[in-house]
Amino acid sequence: MIRDDRLPRDAQSILELAARSMFDLFAHASEGMLLVDRKARVVWINDQYRRFLPALGFEREEDFVGHPVSSVVQNTQMHQVLATGKPILIDLLTNKAGTFVVSRIPLRDDAGEVIGVLGIVLFDHPETTLQPLIAKFARLEQDLNDARRELASQRRTKYTFASFVGTSPGALEVKRQARRAASSSSPVLLLGETGTGKELLAHAIHAASPRAGRPFVSVNMAAVPDTLLEAEFFGVAPGAYTGADKKGRDGKFKLADGGTLFLDELGDMPMSVQVKLLRALQEGEIEPLGSNRLLRFDVRVVAATSRDLAQLVRDGLFREDLYYRLNVLPVRVPPLRERRDDIPLLIETLCEDIAARGAGQQLELQDGARALLAAQPWRGNIRELRNVLEQLALRSDSPQISAQQVEAVLLGSGLDRIEPAAAAAQPAPASAPETDLRPLPEQVAELEQRAIAAALQRCGGNRAAAARLLGISRASLYDKLAATSGPSGVSEIQTIVH
Ligand SMILES: Nc1ncnc2c1ncn2[C@@H]1O[C@H](COP(=O)(O)OP(=O)(O)O)[C@@H](O)[C@H]1O
Ligand SMILES: [Mg+2]
């Protein structure tokens, strides 16, 4: 074996050789070097560095060398290396002269004290020399921006009040209440059967509220496993768990900050989470899991449930204090069978939407088909009506739909009972409650009394405010109060007015 005796064998000599070689490499291969002293003044530059002076704005070397580095090189980090004694091995520096890949190395005396910093410009024009890397970086940045935009648009509300189709008194009333709720910052509680449009209204309330420009974030109690709900709401601090969540995760409260948090299927919330939710709402603060810091949040809560919350409270399944906290602005969303007048318009709108999404032809329902649909009990409400129309669109070869086709789909769709279309034409169902058969003036008077009592209660007994709320003059409110007869109405109102 031939030994090459020109190479040193002892560590010290190897290091010295390596250091000299690396320095030579840097000195020749680099695009320039500059040295600053411990006061961060430029004391030396090499020939290559001199080329940058005009671009940095200096004609003569003496205008550059001898001056504080921060006053002659914008965005320099040399003082940071002086302060910490730690090298910055690779960095991008952008200033008047362009963008550079730079390296900064502290220089120490024999006692180990930092006496200066050597700055090395490794490449200029990194956009060409580091092209693959920079292109990848730009691509990732672009992807990140796209993802952020996508997320933001998903969080933006999908529906406004205009999306809530219906002109029946029931539909107009629910829209009126929800509109009024939109301008308040109190919690809203949407109560109604499944498929009545509670989620749609939650979106619309947000979109009409002063928080419209901020996020709308939903949590569905029925869709998230109980064990994960707490983390879902409050988030997880970094390092609280190993594995996927190691980096920590923001909770929905944080994500909804400044906006609206929609608690869907509130009645399905487990007791353990109810306690924590109540505390969060009372304090206006949350504590992410595994963190000992409290985060303040500013969130407007809209909750919805198809369950009878008051009954759940009585059964000990829902906390009474949380119920009162959320039941500030209750809005009852009527089931479809209480507003059958809206069915034709809903059929029209839903068919348009189904055609637009499926790119098929829009269905045209024959009169008999419409009448049959209008007669159904619709326990699943608008969601169920929509499903039936979707089925019809899928099953039928022609856009013309007959009553027989509707009947076939209804039979197959699991409706517990099919009402024949003729029933829809009857003025009042035989099972109409007894109360609806009393003289109309009596019913109207009773309704007025109830409305006045409710308005007075809402306004803490303030008659002027109650009159405004009811949309009548103060004088006519006094008239109605004076005219109130019958023991129940009077006593009820008087106890509130005092
Ligand atoms: N008044 C309405 N006008 C038009 N579409 C409605 C209306 N109410 C509900 N929908 C539609 O019915 C479906 C169910 O509504 P959703 O808001 O999810 O009901 P809920 O939350 O009460 O179960 C959705 O596709 C929704 O867009
Ligand atoms: Mg829902």
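Which residues are buried in helix α10 (residues 226–234)? I looked this up in what is a predicted model.

**Helix α10**

I found L229, F233 and F234 buried in α10. Viewed down the helix axis, these buried residues fall within an arc of 95 degrees, so they line one face of α10. I then checked the other side of α10, where T227 and L228 are exposed. Next I listed what covers the buried residues of α10: the cover includes the strands β7 (216–220), β8 (235–236) and β11 (285–286), along with the helices α11 (252–255) and α12 (271–283). I also noted the backbone just after α10, where G235 has a positive phi of about 85 degrees.

**Ligand 1**

I turned to the shell around ligand 1, which holds 17 residues. Nearest among them are V165, G197, K198, E199 and I382. Two or more residues of this shell come from each of α9 (198–207), α15 (343–358) and α17 (381–395). By residue class I have six nonpolar, seven polar and four charged in the shell. I also looked at domains: domain 2 (161–238 + 249–332) and domain 3 (339–424) each give at least three residues to the shell around ligand 1.

**R370**

I located R370 in helix α16 (residues 367–375). Is R370 buried or partly exposed? I count R370 as partly exposed, because 19 other C-beta atoms lie within 10 Å, while buried would need 20 or more. Leaving aside neighbours within four places in sequence, I find R370 in contact with P344, I347 and L365. I also recorded the pair R370 and I401, which are 31 residues apart in sequence and 9.2 Å apart in space, C-alpha to C-alpha.

Note on methods
Residues are numbered from 1 along each chain as its sequence is written. Chains are lettered from A and ligands numbered from 1 in the order in which they are written. This is a predicted model: local features need pLDDT of at least 70, side-chain atom pairs count only at pLDDT 80 or more; totals for chains, interfaces and linings use all residues. A residue is buried if 20 or more other C-beta atoms lie within 10 Å of its own, exposed if 12 or fewer, and partly exposed in between; C-beta atoms are placed from the backbone. Helices (H or I, at least four residues) and strands (E, at least two) are DSSP runs, numbered from the N terminus. The arc is that of the directions from the helix axis to the C-beta atoms. Two residues are in contact if their C-beta atoms, placed from the backbone, lie within 7 Å. A residue is near a molecule or strand if its C-beta atom, placed from the backbone, lies within 6 Å of it. Ala, Val, Leu, Ile, Met, Phe, Trp, Tyr, Cys and Pro count as nonpolar, Asp, Glu, Lys and Arg as charged, and the others, Gly among them, as polar. Domain bounds come from an automatic or database domain assignment.
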